[in-house]
Amino acid sequence: MQTAQRILRGYRRRRLIVCVALAVLALFLTLSARYVSERNVNEQRMQAFNQRVISTLESILVPLEQANKDVMPLVGMSCQVAQLKMREHAARLQTVRSIGLIKDDILYCSSIFGTRAVPINLLQPRLPSAQPLLFLTIDHSLLKGTPILLSWIPLANSRHDGVMQIINIELLTGLILEPERPWVSRAILNVSDSHLEYGKGLLQRISVDEGQVSHEMASEKFAFSVTTIGPAAGAMALGNLPTQLPLALILSMLIGYIAWLATANRMSFSWEINVGLASHEFEVFCQPLMSARNLQCVGVELLLRWHNPRQGWISPDVFIPLAEQQNLIAPLTRFVLEETIRQIDIFPKSRDFHIGINVAASHFHEGEIITDLRRHWFPSQPIQKLTLELTERDALPDVDHRVVRDLHRMGVDLAIDDFGTGQSSLAYLETLNPNVLKIDKSFTAAIGTDAVNSTVTDIIIALAQRLGIDLVAEGVETQQQAEYLRRRGVNVLQGYLFARPMPLSEFPRWLRGNNTPPPRRKGHPVPIIPLR
């Protein structure tokens, strides 16, 4: 049999699991989002570096095209005439180290040295060429051994004549190829089959160290590209994750706390009860009350049963106290009233037939029980007598005694259920003026034994008779108990000796004198469980 503590622990455990799972998920998603964001930022910064280098170099090379057009007509002129104009172009461009004029494969004029007569292939083996060229090489004239970027433009229809411009690329390298750590560890300019790296000069090939990756971006205007080498964007993002952990932990704990608050109702026993009511998981049972004199059925006590598809059968000993704690006993009582009125025709139409409904003392506050009776019970004008059985789980002094007085005036009987086991006292009997005392089954079970409860049973019977209060004995299971109670003047008996609790739909057949049916609910056997 389930206990209230076990069910509550189960709900708290599931609620805790959900909240912890959400907190862990929030932590995972936060760190994942930060990882993706950092990785994208790292990739964007590497791409931005490449784009900046290309844009800067393109802005340098574009004016060279115009300079070539201006210098090209000088090819063939005397060096004395052409040198001054070449110096003006070199000064205006600033990044150009020198300009040379080639005629018949001979460098015959230099903007720096003036008149010369050097075969161009001795200085640059790739020249002359019928096609325009842009390539990295080593300077053999001015600053010997330093890297340069050489631009060759041949004269139209001639591979032996043209203009050669030497760009001071080493100076530019310090301006545009300096790495940006930690995203860019190395930056390399690629022109044709040569590579120029910041701080290392010309390279024959590019090598990438283990744990690093390279990204290459080519110019759309000129024949060069830029390669950046650095840590993988994902690896850098992963390495920065520990710095994001404190904020992520705070956010995950906040999400878990919000989830704890948000699930306070939905993942609670009160939520289960509300779902059970809405899903018709509850069913009203009844147990006959027998006249001790002639063993005729003079009434029934209505009992609530709950088949929870998520928990199975839940004992009233579990869900009734929990419903009282969660202030949900009133909705359960309303459900019993509605179901009883809906099936009122199954009961004998007699004012001497009593229908007992268990009510908590909290339902009496501010006249709530009277409002519910006027809404659910009295409009149907049932002939049967209604008895409200007041349980002692709540302190009886909390009962609004004006409500008790109004109930008596309305013809509703009051009974104190499980008398002697709760918080009742003799003063309550006078204040509440009950019509019925129900002897708890623990006292009935003590009949015929030497237990103290056996003596208490006699005291309760004598007290009720002295005060003129009717008695109902619960838990009668043997003929000896029934006979003992009858001899001592107990009016009504209730217990397994006469009938077990049964669904309302089976009560008419039992009443017609058939054998006591096994308790069933919608075609399924019901486990034997306590009355409350």
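User: Which residues lie nearest the centre of the second largest cavity, and how many residues line it?

Analyst: In this predicted model, 19 residues line that cavity, and Ser98, Arg116, Ser141, Met164 and Ile166 lie nearest its centre. Strand 1 (96-103), strand 2 (106-110), strand 5 (147-154) and strand 6 (162-167) each give two or more residues to the lining. Strand 1 gives the most, with four residues.

User: What makes helix 7 largely enclosed by the rest of the structure?

Analyst: Buried means under 20% relative accessible area. Seven of the 10 residues of helix 7 (residues 316-325) are buried, so the helix is largely enclosed. The buried ones are Pro316, Val318, Phe319, Ile320, Leu322, Ala323 and Glu324. Just after helix 7, Asn327 takes a positive phi of about 60 degrees.

User: What makes a group of residues a nonpolar core, and which members touch the most others in the largest one?

Analyst: The largest core has 72 residues, and Leu302, Leu332 and Leu407 touch the most other members. Helix 8 (residues 329-342) gives the most to this core, with six residues. Apart from it lies another core, of 43 residues, including Val53, Leu64, Leu93 and Val226. In soluble globular proteins, nonpolar side chains tend to be buried together.

User: Which residues does Leu407 touch, leaving out those up to four places away in sequence?

Analyst: Leu407 touches Phe364, Ile369, Ile370, Leu373, Leu388, Val412 and Leu414. Contact here means heavy atoms within 4.5 Å.

User: How do you know that strand 7 and strand 8 pair?

Analyst: Pairing needs at least two bridges between two strands. Four bridges join strand 7 (residues 186-191) to strand 8 (residues 194-197), and these strands run antiparallel. With that count set against the cut-off, they therefore pair. Ile188 stands opposite Glu197 in strand 8.

User: What makes strand 9 and strand 10 edge strands?

Analyst: The open sheet has five strands in the order 9-8-7-11-10, with antiparallel pairing. Strand 9 (201-203) and strand 10 (212-218) each pair on one side only, and they are the edge strands. Neighbouring strands of this sheet are turned by 30 degrees against each other on average, direction ignored.

Key
Residues are numbered from 1 along each chain as its sequence is written. This is a predicted model: local features need pLDDT of at least 70, side-chain atom pairs count only at pLDDT 80 or more; totals for chains, interfaces and linings use all residues. Side-chain values use heavy atoms; hydrogens and water are left out. Axes are lines fitted to C-alpha atoms, for helices over the stretch in contact, and angles run from 0 to 180 degrees between N-to-C directions. A nonpolar core is a set of buried Ala, Val, Leu, Ile, Met, Phe, Trp, Tyr and Cys residues joined through side-chain atoms within 4.5 Å. Buried means under 20% relative accessible area, exposed over 50%, partly exposed in between (1.4 Å probe, protein chains only). On a 1 Å grid over the protein atoms alone, a cavity is a set of points where a 1.4 Å probe fits but cannot get out, and a pocket is an open set with protein on both sides within 12 Å along at least five of seven lines; lining residues have an atom within 4 Å of a point.
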